[in-house]
Amino acid sequence: MSLLHSNERRRILLAVGLVAAASLITFLVFFFQSRDLQREEEPPSAAVADPEVLEAADQEDNQIELTLYLYRPSSVPQGRLVSIRREVARLEDPHLKARQIIGEVLRGSGQGPNVFPAEARLRQVYLLADGTAVVDLSQETALGLPGGAVSEYGALRSLTRSLRANLEEVKRVKFLVGGQDAPTFAGHVSISRPFSE
């Protein structure tokens with residue numbers, strides 16, 4: 001008789017454990033889905049606005065269309081760049097235009113998760129005579145990236161491809177972090193050499 005009760009208790013405990021595990025899994029799925037939906041609904045960040053670019057843009061009446069290549073962290077396959085078109089003020093100065101392009105990439109699309117954190121900021125960009133754009137990003141930009149090597153590489157490719165697509169002067173992009181040469185961007189991807197893709 002006690003053996004029967006013992007087996008019945010085990011079955012009841014097992015059933016209760018399975019129900020608790022299923023409830024926990026369901027809660028976690030809903031939690032992460034709602035968090036991702038909130039991220040997707042966030043508008044492009046205003047924190048990366050470049051005052052000098054905004055001032056120059058206010059003085060321009062003409063618009064041009066930029067082709068931006070944005071990394072989608074949740075896209076399949078991973079590492080995919082999605083091209084979008086965005087109308088912006090026409091800036092003739094290549095230096096200001098480079099800053100404008102980088103600012104637009106850092107803002108993201110507002111239509112899905114952005115690989116760059118809200119506090120992402122361009123410190124400076126330099127256009128060298130040999131076709132190298134030297135892009136100096138803040139430490140917060142690098143340290144705030146989600147994920148690991150895949151996101152890091154996607155972020156660097158996004159900036160490189162967007163600059164090369166919209167500025168014929170740019171052939172390659174060298175990255176600095178916080179005004180310094182660094183071995184990696186955020187701990188994974190080497191930035192010791194310029195990117196051309």
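**Notebook: salt bridges in the predicted model**

I first looked up the linked charges and found that Arg-86, Glu-104 and Arg-107 are joined in a network of salt bridges. The model I am working from is predicted. I then searched the whole structure, and the search returned six salt bridges.

**Entry: Arg-85 and Glu-65**

I noted a salt bridge between the side chains of Arg-85 and Glu-65, at 3.7 Å from N to O. The pair links distant parts of the chain, 20 residues apart: Arg-85 belongs to strand E2 (residues 81–89) and Glu-65 to strand E1 (residues 63–71). I checked accessibility next. Arg-85 is exposed, as its relative accessible area is 58%, whereas Glu-65, at 46%, is partly exposed.

**Entry: Asp-130 and Arg-172**

I recorded a salt bridge between Asp-130 and Arg-172, with 3.9 Å between the closest N and O atoms. Asp-130 sits in the loop between strand E3 (122–127) and strand E4 (132–137), while Arg-172 is in strand E5 (residues 172–177), so the pair ties together parts 42 residues apart in sequence. For Arg-172 I noted a relative accessible area of 29%, which makes this residue partly exposed.

**Entry: Lys-174 and Asp-181**

I looked up the salt bridge of Lys-174 with Asp-181 and found the closest N and O atoms 3.0 Å apart. Which of these residues is buried, and which is exposed? Lys-174 counts as buried because its relative accessibility is 13%, and the cut-off for buried is under 20%. Asp-181 is exposed, with a relative accessible area of 59%.

Methods. Residues numbered from 1 in each chain as written. Predicted model: local features only at pLDDT ≥ 70, side-chain atom pairs only at ≥ 80, totals over all residues. Heavy atoms only, no water. Salt bridge = Lys/Arg side-chain N within 4 Å of Asp/Glu carboxyl O. Helix = DSSP H or I, 4+ residues; strand = E, 2+ residues; numbered from the N terminus. Buried < 20%, exposed > 50% of the residue type's maximum accessible area, 1.4 Å probe, protein only.
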